[in-house]
Amino acid sequence: MEEQRQENKMGTMSEGRLLMNMSLPMMISMLVQAMYNIVDSIFVSRISENALTAVSLAFPMQTLLIAVGAGTGVGVNSLLSKSLGEKNYDRANKTAMNGIFLYIISYLVSAVVGIFSVHPFYASQIKNAPVEIMDMGVQYLTIVMVASFGLYAQFIFERLLQATGRTVFTMISQMVGAIINIILDPILIFGYFGLPKMGVAGAAIATVIGQIIAGCIGLIYNVKKNHDITLSFKGFRPDGHIIGTIYKVGIPSIIMQSIGSVMTYGMNLILVGLSATAAAVFGVYFKLQSFFFMPVFGLNNGLIPIVAYNYGAKKKKRMIRTIKWALLVAFCFMLFGFIVFETVPGMLLLLFDASENMLAIGIPALRKIAVHFLIAWFCIVAGSVFQAVGNGMYSLYVSVARQLVVLLPVAYILSKIGGLDAIWWSFPIAELMSCAISSICLMLTYKKVIAPLPDDEEA
């Protein structure tokens, strides 16, 4: 009965209501995650501007961890939802277990990288910056990577809940993890309640504790509440075909998000060469923009299983109407973000105890970067559509063009022509290119994948 009820929800509920039903819990939890990111950096900024810079420079490597976790999750989510749409429950169970196996391997690799590569990673970014930035950064990032098993557990168990439509449980696990993180941040950073003052190490420990608790909650919900799949390693053997199918969609997503890590690393190199404060501004921007981008990513986490399910069920009209709803909601969020960044950038920066120098660099930076919000909403939703129907390579093409072919070279050229003030225009310029390519790929996806489906008879 539970399986049938879930199938009916994914296949018959009105599209706008279903998208909100699936996405709203994820959007709320993503907002909490974004709030955590902001609060975490606010507390770190109270240590010193160098501490904020050190944590900001860790962002490329943290993005790489998230890329592996989220990208693998896209592949698991897509195949699992499609299997349920086709009523192939045996393949759904095997997909879940092979997904868990892949996350275990991913953690082991991340831990080894964390042990051996963090110091060279910081050394490559920092030339003339204070030694204090290097020391704090290495300390922070080593803890985050070596203890990243909580992050990977959170990813896989939340993705299993999302793929089967139980996004309320995903919301709960993410919110609890983020709230615990927020509570522990000041306690461990500044040494309250008799605990030692740990500084940036305290921020890292608070992060991994929150992730571990969220992962445990996700596991419990899957075992107790997720009746569409059965989790058991008894007799388990890795399935090469399923793993290949997961990575067919997942690897382009991993590469796509890893490109974001390369972009951030490259931008840090350009910015640190001009000003260490500029790198801190860039880090603050990423924290602030997450408050508007993360809900859209939450929307997409609800969109992907709906489109994948109805693609498997060959319900073309439901796919199209769901995509249209997602585009509308994403546009509203990004428009709001644009207005906030344009009207109160100074207030946003002061949350991070910004110095006069940081305000002078940051206010025009936020206003210029925010222009790309007006374009990004379309590109984000289009990328999710590509992933949901198994065309993850399109997302990869768009990401490569935006972040490597356009953004970094343009940022470098602008830094030479117009200095620091001009660099920030590289974001809107790159987003225009992304929009053009996304439009072409979306038209191709409709023509080759969606249009050939039979017309369903739904109203």
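This is a predicted model: local features need pLDDT of at least 70, side-chain atom pairs count only at pLDDT 80 or more; totals for chains, interfaces and linings use all residues.
1. Phenylalanine 341 first. Setting aside residues up to four places away in sequence, Phe341 touches Tyr285, Leu288, Gln289, Phe292, Leu348, Leu366, Arg367, Ala370 and Phe373.

2. The main core. Phe341 is also named, with Met267 and Phe282, among the residues with the most contacts inside the largest nonpolar core. That core has 81 residues. Helix 11, residues 276-312, supplies its largest share, 17 residues.

3. Cysteines. How many disulfides does the model contain? The count is 0. Cysteine 332 is in no disulfide, and the nearest cysteine sulfur, that of cysteine 379, is 17 Å away. Cysteine 379 is likewise in no disulfide. For cysteine 379 the nearest cysteine sulfur belongs to cysteine 435, at 4.9 Å.

4. Is cysteine 379 buried or exposed? Cysteine 379 is buried, because its relative accessible area is 11% and the limit for burial is under 20%. Cysteine 332 has 44% relative accessibility and therefore counts as partly exposed.

5. Surface patch. Ile104, Ile105, Leu108, Val109 and Phe233 form a nonpolar patch on the surface. Together they have about 440 Å² of accessible area. One of them, isoleucine 105, lies in helix 5, residues 89-125. At 40% relative accessibility, isoleucine 105 counts as partly exposed.

6. Valine 208. This residue sits in helix 9, residues 200-225. Valine 208 counts as buried because its relative accessibility is 7%. Which residues does valine 208 touch, not counting residues up to four places away in sequence? They are Ile143, Val144 and Ala147. Valine 208 and leucine 102 are 106 residues apart in sequence, and their C-alpha atoms are 20 Å apart in space.

7. Serine 258. Its place is in helix 10, residues 240-272. Serine 258 has a relative accessible area of 15%, so it is buried. Not counting residues up to four places away in sequence, serine 258 touches Leu64 and Ala67.

8. Helix 3. This helix runs over residues 49-57 and is mostly covered. Of its 9 residues, 7 are buried. Which residues of helix 3 are buried? They are Ala51, Leu52, Thr53, Ala54, Val55, Ser56 and Leu57.

9. Threonine 445. Its place is in helix 18, residues 426-450. Why is threonine 445 called buried? Its relative accessible area is 1%, and buried means under 20%. Leaving aside neighbours within four places in sequence, threonine 445 is in contact with Phe386, Val389, Asn391, Tyr394 and Ile450.

Definitions and conventions. Residues are numbered from 1 along each chain as its sequence is written. Side-chain values use heavy atoms; hydrogens and water are left out. Patches are made of residues with over 30% relative accessible area and no salt bridge: like charges are joined within 9 Å, nonpolar side chains (Val, Leu, Ile, Met, Phe, Trp, Tyr) within 5 Å. Accessible areas come from the Shrake-Rupley method with a 1.4 Å probe; for residues, only the protein chains shown count as cover. A salt bridge is a side-chain nitrogen of Lys or Arg within 4 Å of a carboxyl oxygen of Asp or Glu. Helices (H or I, at least four residues) and strands (E, at least two) are DSSP runs, numbered from the N terminus. Buried means under 20% relative accessible area, exposed over 50%, partly exposed in between (1.4 Å probe, protein chains only). A nonpolar core is a set of buried Ala, Val, Leu, Ile, Met, Phe, Trp, Tyr and Cys residues joined through side-chain atoms within 4.5 Å. Contact means heavy atoms within 4.5 Å. A disulfide is a pair of cysteine sulfur atoms within 2.5 Å.
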